[in-house]
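Let us walk through this structure step by step. Keep the 3D view open as you read.

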Amino acid sequence: MKISSGLFSVVCIVIVVPSILLIYSMNYETARSVDLWFTILAGIIDILAIIMWFWIYRKILVPLDKMRIAIKKIADGDFDYELDEKDFVEIPFLYNDFEKMRIKLKENEEEKILSENAARELVSNISHDLKTPLTAIRGYVEGILDGVASSPQKVRDYLNTIYNKTNDMTKLIDELLYYSRVTGNKVSYNFERTNVKDFFDEYVKDLYLELETVKIKFSYTANVDADTVIDIDREQIKRALNNIIANAVKYMDKEKPEIHLIVKEMVDAINIRISDNGRGIAEKDLPHIFERFYRSDASRNTKLGGSGIGLSIVKKVIEIHEGSVVAMSKSGVGTDIDIVLKK
């Protein structure tokens, strides 16, 4: 506890000086004079005690009482209650520690509220996304049972639709289960020294066919040296890339849809850009698209559904690779997503 230099000087004057005088007085004065000095010294000590008590009360006890009130406010959930720093001049460390605690608790509470809201929204979204295909499946099954599908071909068409709907639900559930694992750090990563060009050349082989079936033009360019290698978990990077491309396909709205994959070598990293000419992302939504459970107004209003965690999985995977991912987009024009992985 810091005591001001002025108070220390007072202590020296009212105790040390009279004590020295008292010692000299005992050599030259009578016993009566000694008694007088002791009486004076006792009075000085009493005055000093009163001064010290007043100082302690004003500088220590009053701030501590304010601290007690603040702690009670915090306990009651009022994390906006602030103390006045000027009241804690003599004990600044206490004020600083309290502020750090208050701010941290406030941040935790805000994060908790956001998480709870996101969880409620997730339940609502998932309920809707599961109910839609289930309703369709039920309708087609009833159509088969009631004889609406009167021909073998009609029955086959109904069964194909049911099969596709169940696949959609399976993908959604798998995505949720994976997100639960990856955010809980329960996913094992297998990092391997990987040739960049070979990896992407192999990855796009199936991608060409998949995008061709949905009539999307796909192009791929790799501007990297033939011997460039990086440490990655190949399956997890594929999952991240697939999530980005699936998102681009889902929100494609052009008559001539296009997706481009460009891999470019930098001095100490690899840049991966996935571009599309889809509907784009609104400016207000762009900063939030990698947040868990976030769905833009456009995705909320679409019949395509989605859990809102696909891009958050991308971010988590890239972060574990000590890389970065950013999105650039213009509504109605398209979106570019850049991934940077260190060599």
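**The sheet and its helices**

An open sheet of five strands runs in the order β2-β4-β5-β7-β6, and its pairing is mixed. The edges belong to β2 (217–223) and β6 (324–330). Each has a single partner strand, so one side of each is left without a neighbour in the sheet. On average, neighbouring strands here are turned by 10 degrees against each other, direction ignored. Keep in mind that this is a predicted model.

Pick out tyrosine 220: its bridge partner in β4 is leucine 261.

Next come the helices. Helix α6 (residues 234–250) lies across β4, β5 (269–276) and β7 (334–342). Its direction makes an angle of about 20 degrees with β5. Helix α8 (residues 310–320) lies across β6 and β7. Against β6, α8 runs at about 145 degrees.

**The cavity**

How can empty space be found in a model? Rolling a probe the size of a water molecule over the atoms shows where such space is left. This structure holds one cavity of 30 Å³ or more. About 40 Å³ of space lies in the largest cavity.

Which residues line the largest cavity? They are Thr194, Asn195, Val196, Phe199, Phe200, Ile230, Ile232, Ile237 and Leu341. The largest share, three residues, comes from α5. By type, the lining residues divide into seven nonpolar, two polar and no charged.

Notes. Residues are numbered from 1 along each chain as its sequence is written. This is a predicted model: local features need pLDDT of at least 70, side-chain atom pairs count only at pLDDT 80 or more; totals for chains, interfaces and linings use all residues. Side-chain values use heavy atoms; hydrogens and water are left out. On a 1 Å grid over the protein atoms alone, a cavity is a set of points where a 1.4 Å probe fits but cannot get out, and a pocket is an open set with protein on both sides within 12 Å along at least five of seven lines; lining residues have an atom within 4 Å of a point. Grid points are joined across faces, edges and corners, and a volume is the space filled by probe spheres set on the points. Helices (H or I, at least four residues) and strands (E, at least two) are DSSP runs, numbered from the N terminus. Ala, Val, Leu, Ile, Met, Phe, Trp, Tyr, Cys and Pro count as nonpolar, Asp, Glu, Lys and Arg as charged, and the others, Gly among them, as polar. Two strands pair if DSSP finds at least two bridges between them. Axes are lines fitted to C-alpha atoms, for helices over the stretch in contact, and angles run from 0 to 180 degrees between N-to-C directions. Contact means heavy atoms within 4.5 Å.
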